[in-house]
Amino acid sequence: MSEAERSGRSGSNQRTGGQILVDQLRLHGADRVFCVPGESYLAALDAFHDTPDVQVVTCRQEGGAAMMAEAHGKLSGEPGICFVTRGPGATNASAGVHIAFQDSTPMILFIGQVGRTMLDREAFQEIDFRHMFGQMAKWIAQIEDPARIPEYVSRAYHTATSGRPGPVVLALPEDMLTERAACADARRYRAVEAAPGAEDMARLADLLASAERPIAITGGGGWDAQAVGDFQAFAGAFDLPVACSFRAQSHFDNRHDQYVGLAGIGIEPHLAGCIRNSDLILAVGARLGELTTSGYSLLDVPVPRQPLVHVYPDGEELGRVYEPTLGIHAGMKRFAAAAAALSPPAKPAWAKWRRDARDAYLAFTQPEPTPGAVQLGEIAAWLNRRLPEDAYVTMGAGNYTGWFHKNYQWKQYRTLLGPTSGTMGYGTPAAIAAKLAAPERIVVALAGDGCFMMHGQELATAVQYGANIVIIVVNNAAYGTIRMHQEREYPGRISATPLTNPDFAALARAYGAHGERVEKTEEFEAAFERCLKADTPALIEIRTEIEAITPRAILTAIREAAERRLRAAGTR
């Protein structure tokens, strides 16, 4: 519907706040929004009714909706859009906002709010969202005047995408959305990105020329496929070993000779040694947080013993934990292009250093036997061979992810969708967002039994919208990661971690999806192929032994080592 037609409803050039809001989203390029409907923003839902070129995806829980929007933001580089109602809707959605913040993902959460005349009375479901979201978002505001909606939405888009990308939260009082106003639309936003200075790039070239054991660590937000290609060209020209930060493995083709592994949970020991013993670290987009640095142990705080070049799109992050030898305030696209233009030394001094790290990584990717009839390492390795390069793999949190971090290789940018915050339940919503964005591509969601049950109800959303994803649920009947820590700290004293689960394959069929159960490794291949051929979403439940707690550790061995430690300390 045109603006003239919309205005014709009232016989004037005025629009409701809901109409103005939806017009701005359309103007800024939004083609899909995720929501759980609420009475607090009915006027916006009504405006979506007249805007068929923006798909409204109705979800089953606000956390799932926010995670879908976050995943959409990761994939597109444009803010993912989510609408929820006030109070419990907003609190449920906060998990997705937290993911967007820690993953540097552009996202805008719109929250229906109580009417303006009811504010500050603790009206039904009222919350002051500025206080509630606090440090969880880049900007939190409430729109009081419908005539200012274009201004607020334009600022939200610019804030979410510029510098370090991240989430923005805008509250929408219910009566503001129904009030009419005459106002001009904004122009489509343009993200602002800082470029590295010529002096910075010259200094980087000098530091590389004098290094013998350099290593790069890449990650974070603000990349695109071109930037990844530019950085790979730079790394190839310099024969530079490159590791990726946690859940950023698809920021660099894992088949590339320069790729040396994951700097995150379960880091390969040789790679950890390389980071410790390097004489130059080039961190590009990675914050160098707890997981990337193995609990801040790989680099000394606050001054690393090895020279550090830290490239980051937000100047406030530079020097936050580690004082860099050279801090470069630049966006990833601009920096990668500048790096690709650097002239490499005639013969880098670190060829063997890089080759040894690559060989150690390749050896690490080989599956290792674990207890039980199901070998997750072999399944991950088979999927690595079977799936096309552009297949999306999503995951939440849990020990089951360790096999895929170890035995699967990501080939194209952003084909891995997983939260650096370790949020459970993310895999299914993220997979739905990926499938809706690219229906022609295979999308596989990984989940543990506990992880799946956090947002498994979004399987109904997948069925409703024909998002034919394949969900793999690894069922060991426990919150396995916590059980592992429990055995390490309080061996034999099991509390709160066992789970009684449904028949996941039957549950999938009840939703209208295809369901399979796998109890032996050799059953997986045929089950997976049947899932791909099903004309519905599909789920494979893999039943595993709790003893196979990680790719390289057995639960009994962890317990026995803890008991020996406690006996030696005289506490048991």
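Q: Which elements do the buried residues of H3 pack against?

A: First, the basis of the reading: this is a predicted model, in which local features need pLDDT of at least 70, side-chain atom pairs count only at pLDDT 80 or more, and totals for chains, interfaces and linings use all residues. Residues are numbered from 1 along each chain as its sequence is written, and side-chain values use heavy atoms, with hydrogens and water left out. Helices (H or I, at least four residues) and strands (E, at least two) are DSSP runs, numbered from the N terminus. Contact means heavy atoms within 4.5 Å. Here the buried residues of H3 pack against helix H2, strand S2 (32-35), strand S3 (55-58), strand S4 (80-84) and helix H8 (174-178).

Q: Which residues of H3 are buried, and which are exposed?

A: An α-helix has 3.6 residues a turn, so residues three or four places apart point the same way. Buried means under 20% relative accessible area, exposed over 50%, and partly exposed in between (1.4 Å probe, protein chains only). In H3, Ala 43, Ala 44, Ala 47 and Phe 48 are buried. They lie on the same side of H3 because they cover an arc of only 145° around the axis, the arc being that of the directions from the helix axis to the C-beta atoms. On the other side of H3, Leu 42 and His 49 are exposed.

Q: At roughly what angle do the axes of H2 and H3 cross?

A: Axes are lines fitted to C-alpha atoms, for helices over the stretch in contact, and angles run from 0 to 180 degrees between N-to-C directions. Angles under 35 degrees count as roughly parallel, over 145 as roughly antiparallel, 65 to 115 as roughly perpendicular and the rest as oblique. The axes of H2 (residues 17-27) and H3 (residues 42-49) cross at roughly 55° and come within 8 Å. H2 is therefore oblique to H3.

Q: Which residues of H2 meet H3?

A: Gly 18, Gln 19, Leu 21, Val 22 and Leu 25 in H2 meet Ala 43, Ala 44, Ala 47 and Phe 48 in H3.

Q: Is Asp 53 buried or partly exposed?

A: Asp 53, in the loop between H3 and S3, counts as partly exposed because its relative accessibility is 42%. Leaving aside its neighbours within four places in sequence, Asp 53 is in contact with Arg 26 and Asp 31.
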